[in-house]
Amino acid sequence: LNDTLENDDDVREALSLPSLGTIPFVRAWQKNGHVHVAEEAVPALEAFRILRTNIQFANVDSTVRTLLVTSSAPGEGKTSIVVNLGIAMAQNGRKVLLVDADLRRSQLHRAFAIPNITGLTSLLLNDAERQECIVETDIPNLYVLPSGPPPPNPSELLGSQRMAQLIEEFQSFADVVLFDVPPVLACADAM
């Protein structure tokens, strides 16, 4: 029996969930894994704009303020989705904060070539202030919070009361907060 889900129709049928968008394959992601979609990659750019719009209209009763992006396994492109969806949202005039909550294999700082000296773990441990950790990118309205130094206990930090407080602070800082978290099959951190 073939029980794999190979396209959005399979997902819709098996899970009774709508598809918010389909992102085409971008060859450059094979090399880097988390590049900004180039202006000449029009189908990919348009796919992220469609995803942005569908997310905005997914819940008509309230505005989407936070999104958690994960995958089933490493290397499936979750960081690329966070980066490019964040860019699409920022280009639409929303103040966007990208948070690298993958405390085991952080990648978000590499996508923007920013240091990963302070970040989310620094805030969780009260070792730094928010303005010291959040980095403004060269894209208007787009900010990045790198993961910071790797902790010995990522799941405990992410499940802490301090993290809940930080999420509220992030929501007061930005219109939308995108969290890049570890794959769900790799560890319990995403949960």
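The predicted model contains an open sheet of 5 strands in the order β1-β5-β2-β4-β3, with mixed pairing; strands are DSSP E runs of at least two residues and helices H or I runs of at least four, numbered from the N terminus, and two strands pair if DSSP finds at least two bridges between them. The edges are formed by β1 (66-69) and β3 (135-136), each of which pairs on one side only. Strands β2 (residues 96-100) and β4 (residues 142-145) run parallel to each other over 4 bridges, and V99 has L145 of β4 as its bridge partner.

Residues are numbered from 1 along each chain as its sequence is written. Local features need pLDDT of at least 70 and side-chain atom pairs count only at pLDDT 80 or more, while totals for chains, interfaces and linings use all residues, and side-chain values use heavy atoms, with hydrogens and water left out.

Helix α4 (residues 78-91) packs on the sheet, with contacts (heavy atoms within 4.5 Å) to β1, β2, β4 and β5 (176-180). The direction of α4 makes about 170° with that of β5, where axes are lines fitted to C-alpha atoms, for helices over the stretch in contact, and angles run from 0 to 180 degrees between N-to-C directions. Helix α9 (residues 161-173) lies across β1, β2, β4 and β5, at about 135° to β5.

Of the 14 residues of α4, 12 are buried, so the helix is largely enclosed by the rest of the structure; buried means under 20% relative accessible area (1.4 Å probe, protein chains only), exposed over 50%, and partly exposed in between. Among the buried residues are K78, V82, L85 and M89. Just after α4, G93 takes a positive phi of about 90°.
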